[in-house]
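These questions and answers go through one site in the structure shown here.

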Amino acid sequence: MTHGAYDEEGVRHAVRLFLQSIGEDPDREGLQETPDRIARASRELFAGLNQNPKDVLAKRFTVDTEEMVLVRDIELYSVCEHHLLPFHGLAHIGYIPDKNEVVGLSKLARLVDVYARRPQVQERLTHQIADALVNELHARGVIVVTDCEHLCMSMRGIKKSQARTITSAMRGIMRDPATRAEAMQLILQTR
Ligand SMILES: Nc1nc2c(ncn2[C@@H]2O[C@H](COP(=O)(O)OP(=O)(O)OP(=O)(O)O)[C@@H](O)[C@H]2O)c(=O)[nH]1
Ligand SMILES: [Zn+2]
């Protein structure tokens, strides 16, 4: 099949084969609908493959500020591209708008989903969010910090369920030490 299109029938077929290959009976009652369920769930979990960050950030409005806007504790659910197991945690996004151009706060959370709903690695997810805010919104400065647990490290392999992975991306004037420190303080502030 061609790369890029979502092939629901292909997913159903692959899941049935997978169940057989792990020694299960795909025709037993509890599993009969599983290929279909996974095909529907995967359409949602990997929807970001067919979404463009441009669309999410298209609607702008003006607020009389060129100061930092920061939304923290955005829930994040993604899937690691190595094991196709979930990694999940929080994303914190701060940006300094250009010419008073801002987007609705919910769009920052939508932007997270556009990139999280793909087979991912956390580092790429983090810098893709930052780059979209620079490239599409022309933000003068951006900070993105993600803080996640990877199930491929918790439930298998090295089995370290307490380990958190934190990755960050700074762009533009957010690289300035004082600005960066202000953003980090807002992110780390106790509730
Ligand atoms: N850098 C990075 N690594 C990740 C991410 N998600 C999972 N990994 C790691 O990707 C690596 C894949 O390593 P491999 O040696 O190819 O696979 P593996 O034998 O299954 O690795 P183990 O998990 O150590 O058993 C593992 O060390 C994972 O912990 C991520 O988002 N970023
Ligand atoms: Zn993994």
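**The site around ligand 1**

Q: In which strand is cysteine 80 found?
A: This is a predicted model. Cysteine 80 falls within residues 69–80, and the strand made of those residues is β2.

Q: Is cysteine 80 buried, exposed or partly exposed?
A: A residue counts as buried with 20 or more other C-beta atoms within 10 Å, and as exposed with 12 or fewer. Cysteine 80 has 18 such atoms within 10 Å, so this residue is partly exposed.

Q: Which residues does UniProt list for "binding site", and why do they gather at one spot?
A: The list comes from an unreviewed UniProt entry. Its residues span 73 residues in sequence, yet no two of their C-alpha atoms are more than 7.9 Å apart, so they gather at one spot.

Q: What is the place of cysteine 152, and which residues is cysteine 152 in contact with?
A: Cysteine 152 belongs to helix α6. With 16 other C-beta atoms within 10 Å, cysteine 152 is partly exposed. Leaving aside neighbours within four places in sequence, its contacts are Cys80, His82, His83, Leu85 and Gly157.

Q: Which elements give two or more residues to the shell around ligand 1?
A: The residues around ligand 1 include Cys80, Gln122, Glu123, Cys152 and Met153. The elements that supply two or more residues to this shell are α5 (122–135) and α6 (151–154).

Q: How many nonpolar, polar and charged residues has the shell around ligand 1?
A: His82 and Glu123 are among the residues around ligand 1. By class, the shell has five nonpolar, four polar and one charged.

Terms used
Residues are numbered from 1 along each chain as its sequence is written. Chains are lettered from A and ligands numbered from 1 in the order in which they are written. This is a predicted model: local features need pLDDT of at least 70, side-chain atom pairs count only at pLDDT 80 or more; totals for chains, interfaces and linings use all residues. A residue is near a molecule or strand if its C-beta atom, placed from the backbone, lies within 6 Å of it. Helices (H or I, at least four residues) and strands (E, at least two) are DSSP runs, numbered from the N terminus. Ala, Val, Leu, Ile, Met, Phe, Trp, Tyr, Cys and Pro count as nonpolar, Asp, Glu, Lys and Arg as charged, and the others, Gly among them, as polar. UniProt positions are given in the numbering used here, feature names are shortened, and annotations may be inferred rather than shown by experiment. Two residues are in contact if their C-beta atoms, placed from the backbone, lie within 7 Å.
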